[in-house]
Amino acid sequence: MSFQDLNVKCEYRSFNDDMAKQFYIPLLKESVLYQRAVGFFSSSILADISMGIENLARNNGKIQLVASPRLQEKDIEAIKKGYENRNNKVVREAIRDALLRELADPESSAEEYRLNLLADLIAQNFLDIKIALTHYHEKMGIMEDLEGNRVAFSGSLNESANALCNNYETIDVFRSWKNEMEEERVQIKKNAFERIWNNNERDMQVLEFPEVKET
C-alpha cells in the first residue's frame, strides 16, 4: 500500500480529527522516511503513535528529528543511552528484537516504556535527533513511502502527546501526487528541512546530539 491508497486530507484539526489514528499512524505505517522539525519534543508522543513507528521500523525506515533545547531531562538521558548503545552489536541486536516485540503491544501509560522506546529507536538506528541551538518556532514534517510519494505538513503541532491529544492544534497537509502546486509545496518543505538538518540554514546552528553532550 502507498500513500495514494490512504484518505489523506488537506487539513487536520485536533478537536475534530484524531490526529494519531487518522493522520500519523496510517502514514507512518507506509513510510520509509519521517523528517520532523519542531520547537518542542517529548517522548510522550512515541507511545501514542507506536503502531505507526512499528511498521516504519519493519520497513527499515528512518526518523530524523530536529528540536529546540526544551527537551526534558529524562528525555535527554534516554537519548544519551540510545547513542551510547548504538555501536554495541550485541546490545543492538537484543534491542531490535525487544523493540519490535514491545511496539506491537505498547503500555501507553508507562513513562519507563516511553523512555526505553526512545533510547531503543536511537540505538537501532531508526531515529536520529539533532538540536537547534537557535530557538526554533516553525513546525513541519515530511513523510515518504516506498514508491517515493511524499506528504508534507506544517502548523501549530509540536511533537508531544499533550499537543497531539489535549491542545487545539491545526496542520495543513500537502500531497506530492495530487497536483503540481501541492508537489511544489512538498518540495519546498523538503528543501527547508534538508537545509536545517545539514546545518545550512542562515542564522541557525544545528548540532548532532553527541556533539551537544560534549558542549
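Helices (H or I, at least four residues) and strands (E, at least two) are DSSP runs, numbered from the N terminus. The structure described with these labels is a predicted model, in which local features need pLDDT of at least 70 and side-chain atom pairs count only at pLDDT 80 or more, while totals for chains, interfaces and linings use all residues. Residues are numbered from 1 along each chain as its sequence is written, and side-chain values use heavy atoms, with hydrogens and water left out.

The pLDDT is the predictor's confidence in each residue, from 0 to 100. For the protein chain its mean is 78, and 69% of the residues reach 70 or more. Residues 102-108 have a pLDDT below 50; beyond near neighbours in sequence, this stretch makes 13 contacts in the model, a contact being heavy atoms within 4.5 Å. Where pLDDT is low, the predicted coordinates should not be read in detail.

Helix H8 (residues 180-197) contains both Lys-190 and Glu-194, which are 4 residues apart, about one turn of the helix. Their side chains meet in a salt bridge at 3.3 Å, N to O; the term denotes a side-chain nitrogen of Lys or Arg within 4 Å of a carboxyl oxygen of Asp or Glu. Lys-190 counts as buried at 8% relative accessibility, whereas Glu-194, at 27%, is partly exposed. Here buried means under 20% relative accessible area, exposed over 50%, and partly exposed in between (1.4 Å probe, protein chains only).

The structure holds 8 salt bridges. Among them is the one between Arg-58 and Glu-54, with an N to O distance of 3.2 Å. Both residues belong to helix H3 (residues 50-58) and are 4 residues apart, so about one helical turn separates them. Arg-58 is partly exposed at 47% relative accessibility, and Glu-54 is buried at 14%. A further salt bridge joins Arg-150 to Glu-144, with the closest N and O atoms 3.1 Å apart; Glu-144 is buried, its relative accessible area being 17%.

Aromatic pairs number 7 in the structure. Rings of Phe, Tyr and Trp (its six-membered ring) pair if their centres lie within 6.5 Å; planes under 30 degrees apart count as stacked, over 60 as edge-to-face and the rest as tilted. Phe-23 and Phe-153 form an edge-to-face pair, with 5.0 Å between centres and 80° between planes. Because Phe-23 lies in helix H1 (residues 19-29) and Phe-153 in strand E6 (residues 150-155), this pair ties together parts that are 130 residues apart in sequence. Phe-23 and Phe-153 are both buried. Tyr-24 and Tyr-34 are also paired edge-to-face, at 6.3 Å centre to centre and 85° between the planes. This pair links Tyr-24 in helix H1 with Tyr-34 in strand E2 (residues 31-38), 10 residues apart. Tyr-24 is buried at 0% relative accessible area, and Tyr-34 is buried at 2% relative accessibility.

Ring pairs link Tyr-12, Phe-23, Tyr-24, Tyr-34 and Phe-153 into a cluster. Over the ring of Tyr-12 sits the charged end of Lys-9, 5.1 Å from the ring centre; this description requires NZ of Lys or CZ of Arg within 6 Å of the ring centre and within 35 degrees of the ring normal.

Tyr-12 also stands opposite Ile-171 in strand E7. Strands E1 (residues 11-13) and E7 pair in the antiparallel sense over 3 bridges, where pairing requires that DSSP finds at least two bridges between two strands. Strand E7 also pairs with E6, antiparallel over 5 bridges, and Phe-174 in E7 is the bridge partner of Ala-152. Strand E7 (residues 170-175) is mostly covered, with 5 of its 6 residues buried.
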